[in-house]
Amino acid sequence: MNIVNPAALRTGKNCFLAFRNKKINNFTGSDGIINSFASTGYYFDKISHVSYNSSEEIVRAVKDAKENYENIVIYCPSNMQNTLKSFITTLYAAEFNALGILKSYEGNVFMFLSDAENRLRFEDIKEILDLRYGIKLERTYVKTIWAPATVIETAIEQAKSVCPDMSFNVTDAYGNCSIEILYPCAISKDVYNEAMRRLLSKLNDFVYALEDISLAQMLFRLLKLRRMKISIAESFTGGGVGKALVDIPGISEVYYEGLNTYSNKSKIQRLGVNEITLKHYGAVSEETAREMAAGLINGGNCDISIATTGIAGPTSDNTAKPVGLCYIAVGTSENVSVYRYNLKGDRDTVTKTAINLALFLAYKTLK
C-alpha cells in the first residue's frame, strides 16, 4: 500500500512512463521504481504504462509528459533506449548523460532500463530534485506487523493533523509493514514529537522497531540482550522461520537448532508429540503446535522455541480445515502460548505471512 503524497509536499509535477508489453501483466519492476522514487521524498502525479508496440502511443505519451510535467522517469527495455533517447533529445534540445539523465530548462528526464543493469541511482535523482526545489528532508521509520490498513491510515491522519508537511511511504510485505516518514528539516522538535506520539499511540500494539531494521534482526538483537538460545520446529513454513534468522551474521550466538518436522512421524520422533494428539486433533491443531514447542523446550538446549503447523494450500488436507488455517506456538520454560490464524492468499502468501507472524510473536514474548 502506498500513500499518495499530500499537496503540501508536491514539490514538482512528476510523471512515470513505463514502456512494456501489455500482454504480460508483471508490474514488479515498475512498482519497485515507483516505491524507490517515493523513498527519496518525491512522488508521481501521473503513472502510465504504455505499450511499446504502438509508436503513436509512445510519441503521444512522451509529448504529453513533456508538456505537463517537470520531471519524467522512463522505464523501458534496452532495445528501446536509443530510439527513445533520440526522440527525447530532439524534443528537449538537450542530451542524456552517461547515467541516463537529461537536464534542460524545460525539465528533467531520467531513464531506467527494465532488462539491464542501470548506472542511474535514486540518490542521483534526489540530488538533482533537492537542488531544483530547495528541499531538505529528514527521514525516520516505523516498522509494524499485522497492523490493519485502516489503523495505519488513521494513525497517519492523526500525525498529519499536527504536521501536514510529513509524508508517508507505506509498503507491506506479507503483513510486515514499513512506514517511511519524510519531513522537512525545518519543522520544530515539538511538532515532530507530537506527530510521532499520535502516530505511535494508534500503532503501539503492532510496532516492533523505530528504525529501518528487519523483524528477524530485532529478534536476534533481543535474544543477544537476554543471552538466550532459540530453537524452531516448522511444518508448513518449511524452514522459512529458521532461514530468516540464519541469514543474519552472528546468529550462531543465539540459534541452537531448526527442525523441519513435516510428517506426523517426524513430529513424534523428533519432538515427542503424542501419537494420540495427532490422531484426535490432527497435525494442524492448537494441541499439536503446543506439544511441538514444548518438545524443543523439554530438550533442555534452548530458552525459547517457535513451532508452526498449518495448511498453506492450494488444497486442504483430508480434514474439513480450511486453507490458511495455522497455529503458531511460542514456548519458554514457564509457558507455551499458541496463536491461531486464518490467513488469506495463495500458498506463498500464507507461508510468508506466517513466517513474519512467528518471528513477531517470539519477539513480543521476549519483549
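The structure is a predicted model, and the protein in it contains twelve helices and 14 strands. Taken along the principal axes, the C-alpha atoms fill a box of roughly 80 × 50 × 35 Å. Of the 367 residues of the protein, 50% count as buried. When contacts between residues at least 6 apart in sequence are considered, 67% of them join residues at least 24 apart.

**The sheet that contains β1 to β5**

- This is an open sheet of five strands with mixed pairing, and its strands follow the order β2-β1-β3-β5-β4.
- Its edge strands are β2 and β4, each of which pairs on one side only, and the twist from one strand to the next averages 15 degrees.
- Strand β4 covers residues 101-104, and four bridges join β4 to strand β5, residues 107-113, with the two strands running antiparallel.
- Within this pairing, Ser104 stands opposite Gly107 in β5.
- Helix α4, made of residues 122-133, packs on the sheet and touches β3 (71-76), β4 and β5, while its direction makes about 170 degrees with that of β5.

- Ser51 is found in strand β2, which spans residues 46-51.
- Is Ser51 buried or exposed? Its relative accessible area is 10%, and because buried means under 20%, Ser51 counts as buried.
- Leaving out residues up to four places away in sequence, Ser51 touches Arg20, Lys22, Glu57 and Ile58.

**The sheet that contains β10 to β14**

- This is an open sheet of five strands, again with mixed pairing, and the order of its strands is β11-β10-β12-β13-β14.
- The edge strands here are β11 (255-260) and β14 (336-342), and each of them pairs on one side only.
- If direction is ignored, neighbouring strands of this sheet are turned by 10 degrees against each other on average.
- Strand β10, which holds residues 230-234, pairs with β12 in the parallel sense over five bridges, and Glu234 has Thr308 in β12 as its bridge partner.

**Helices that lie across the β10 to β14 sheet**

- Helix α11, residues 286-298, lies across β10, β11, β12, β13 (325-332) and β14, and it runs at about 150 degrees to β12.
- Helix α12, residues 347-366, lies across β12, β13 and β14, and it runs at about 30 degrees to β13.

**The largest pocket**

- About 290 Å³ of space lies in the largest pocket.
- Which residues lie nearest the centre of this pocket? Among the 19 residues that line the largest pocket, Ala283, Val284, Gly310, Ile311 and Asp317 lie nearest its centre.
- Helix α9 (264-271) and strand β12 (304-310) each supply at least two residues of the lining.
- Sorted by class, the lining of the largest pocket has six nonpolar, nine polar and four charged residues.

**A cis peptide bond**

- The peptide bond from Gly313 to Pro314 is cis, with omega near 10 degrees.
- Pro314 is found in the loop between β12 and β13.

- Ala93 has a phi near 55 degrees, which is a positive value in a residue other than glycine.
- The relative accessible area of Ala93 is 71%, and because exposed means over 50%, Ala93 counts as exposed.
- Arg227 is not a glycine either, and it has a positive phi of about 55 degrees.
- The loop that holds Arg227 lies between α7 (215-226) and β10, and at 79% relative accessibility Arg227 counts as exposed.

Conventions. Residues numbered from 1 in each chain as written. Predicted model: local features only at pLDDT ≥ 70, side-chain atom pairs only at ≥ 80, totals over all residues. Heavy atoms only, no water. 1 Å grid on protein atoms, 1.4 Å probe; cavity = no way out; pocket = protein on both sides within 12 Å on 5 of 7 lines; lining within 4 Å. Points joined across faces, edges and corners; volume = space filled by probe spheres on them. Nonpolar A, V, L, I, M, F, W, Y, C, P; charged D, E, K, R; others polar. Pairing = 2+ DSSP bridges. Axes fitted to C-alpha atoms, helices over the stretch in contact; angles between N-to-C directions. Contact = heavy atoms within 4.5 Å. Buried < 20%, exposed > 50% of the residue type's maximum accessible area, 1.4 Å probe, protein only.
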